[in-house]
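Colleague: Could you take me through this structure before I start on my own notes? I'd like to go over the chain contact and then some of the local details.

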Amino acid sequence: MCATCGCSGGTILEHHEHGHEHGHEHGHGHPETRTVTLEQAVLARNDALAELNRTWLADHGILAVNLMSSPGAGKTTLLERTIRELGARLRVSVVEGDQETVLDADRIRATGAPAVQINTGAGCHLDAQMLADGLRTLDPPERSVVLIENVGNLVCPALFDLGEQARVVITSVTEGAEKPRKYPQMFRAADLVLLNKTDLLPYVDFDVAAFLDGARRANPGVEVLQLSATTGDGVAGWYDWLRARLP
Amino acid sequence: MSTQGGSFLHEMAITQSVVQAVCERMGDAPVRRVCLEIGTLSGVVADSVRFCFDLVTEGTTLEGASLEIVQPTGKARCRDCGAEFALTDLLALCTCGSANRELLAGEELKIREVEVLA
């Protein structure tokens, strides 16, 4: 390897042993390069597509909410109840993101709401292009609500803007109160935090105060609602939050 | 691969975004070096990006390019007392006890520069 620049060209090992003046005309030669300053966001393309989605949604008076959680936190159950109890008045449709299967979209369709399933395959999150494709398929009516169930994962979805108007993070009491401390990026990105499965609080060791403290350290002032999507306890607050954001 | 809950796939998507953006900007020019800025609070693990880079660049104009990653550390300004302080994680409080802070640095995720064959 060239001892001066680290390049692997040729067999010259000691760059400075040449006993002659030279203008870099020797054997291994350095191809001319130029440095180009880009100063570009890595996710610029996704962010631009997200802005297109945001504009399209606003133009059509559609509220899009991105729901994110670990697998099993109760996103689909919450959506089922929300559609059953609000669907007649709010016209809800759903974009379902999962790595595989159409099981969740089937559960949503069983409630009567239109749903489109996006399988991300190896991908661990939805991105703005996937939402654009989903909206094209779903073709939601003007002045309606699109609930986006992101892939169950508390890391990756936080990084990808979809063009949604609001982000909701759902944690269940069976997961442990330390979730905001472990995944601060996700909680920092949230407009609303839902603590689900509160009907199970008597049976699990979950410190609600520690959870609230963690959530507010990651995201001071974030609204946190406690509810049970199974029993319906506390869901009225979630419905009020949704209604308040309707265009 | 990652320190964040075994999730490694978003670094793959991030690295693919880097390659796509560089190819769009630089056309057919063979790329010899890529310099990224990945803040320590960005949620992206630099080592995982390094791991993905060789895989993702294979067969592209970036194949064989070296990868430099600059990692700006976290900095915040307290909205309550106005102090500026180093932020080692997103849960750290200001010395005044406030969690109400504005992030000034640490969340960078950008392509700083590339070196291409002239």
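**Two chains and their contact**

Modeller: Let me start with one specific pair: B:K110 and A:E39 form a salt bridge across the two chains, with their closest N and O atoms 2.7 Å apart. Please keep in mind that this is a predicted model.

Colleague: OK, and how many salt bridges are there between chain B and chain A?

Modeller: The count between chain B and chain A is three salt bridges, whereas a search of the whole structure, over all chains, finds 23. Polar contacts were counted as well, and between chain B and chain A there are 15 residue pairs of that kind, both residues being at pLDDT 80 or more.

Colleague: Which elements of chain B give two or more residues to the side that touches chain A?

Modeller: Those elements are α1 (9–26), β1 (31–38), β5 (101–105) and β6 (109–117) of chain B, and the largest share of that side, 12 residues, comes from α1(B).

Colleague: What's the make-up of that side by class?

Modeller: The side of chain B that touches chain A has 20 nonpolar, nine polar and 10 charged residues.

Colleague: And how much area do the two chains bury between them?

Modeller: Chain B and chain A bury about 3200 Å² between them, and 61% of that is on carbon and sulfur atoms. Within chain B, the residues that lose the most area to chain A are B:R25, B:L90 and B:L91, which together account for 19% of what that side buries. In terms of residues, the contact takes 39 from chain B and 33 from chain A.

Colleague: Does β6(B) run parallel or antiparallel to β1 of chain A?

Modeller: Strand β1 of chain A, residues 33–41, runs antiparallel to β6(B), and seven bridges join the two. Within that pairing A:V36 stands opposite B:V114, and A:T35 has B:E115 as its bridge partner.

Colleague: What does β1(B) pair with inside its own chain?

Modeller: β1(B) pairs with β6(B) in the antiparallel sense, over seven bridges. In that pairing B:V34 stands opposite B:V114, and B:V114 is also the residue that A:V36 stands opposite in β6(B).

Colleague: Staying in chain B, what about β3 and β4?

Modeller: Strand β3 (residues 74–78) and strand β4 (residues 84–87) of chain B pair in the antiparallel sense over four bridges, with B:R77 standing opposite B:E84. The hairpin that β3(B) and β4(B) make has five residues between the strands, and there B:G82 takes a positive phi near 85 degrees.

Colleague: Switching to chain A, which strand does β7 pair with in the parallel sense?

Modeller: Strand β7 of chain A, residues 192–196, pairs with strand β8 of chain A, residues 223–226, in the parallel sense over four bridges, and one of the bridge partners is A:V224 for A:V193. Together with helix α7 of chain A, residues 208–218, β7(A) and β8(A) make a right-handed β-α-β unit.

Colleague: I was also looking at A:R54; what is its salt-bridge partner?

Modeller: A:R54 forms a salt bridge with A:E51, and the closest N and O atoms are 2.5 Å apart. Because A:R54 and A:E51 are three residues apart in helix α1 of chain A, they are separated by about one helical turn.

Colleague: Last one: where does A:L49 lie, and what is A:L49 in contact with beyond its neighbours within four places in sequence?

Modeller: A:L49 lies in helix α1 of chain A, which covers residues 44–59, and, leaving aside neighbours within four places in sequence, A:L49 is in contact with A:A128 and A:Q129. As for A:I170, 121 residues from A:L49 along the chain, the C-alpha atoms of the two are separated by 25 Å.

Methods:
Residues are numbered from 1 along each chain as its sequence is written. Chains are lettered from A and ligands numbered from 1 in the order in which they are written. This is a predicted model: local features need pLDDT of at least 70, side-chain atom pairs count only at pLDDT 80 or more; totals for chains, interfaces and linings use all residues. Side-chain values use heavy atoms; hydrogens and water are left out. Contact means heavy atoms within 4.5 Å. Buried area is the accessible area (1.4 Å probe) that two parts lose on being put together, summed over both. A salt bridge is a side-chain nitrogen of Lys or Arg within 4 Å of a carboxyl oxygen of Asp or Glu. A polar contact is a pair of N or O atoms within 3.5 Å; within protein, one must be able to donate a hydrogen and the other to accept it, and residues adjacent in sequence count only if both atoms are side-chain atoms. Ala, Val, Leu, Ile, Met, Phe, Trp, Tyr, Cys and Pro count as nonpolar, Asp, Glu, Lys and Arg as charged, and the others, Gly among them, as polar. Two strands pair if DSSP finds at least two bridges between them. A crossover is right-handed if, with the strands pointing away from the viewer, the path from the first strand over the helix to the second runs clockwise.
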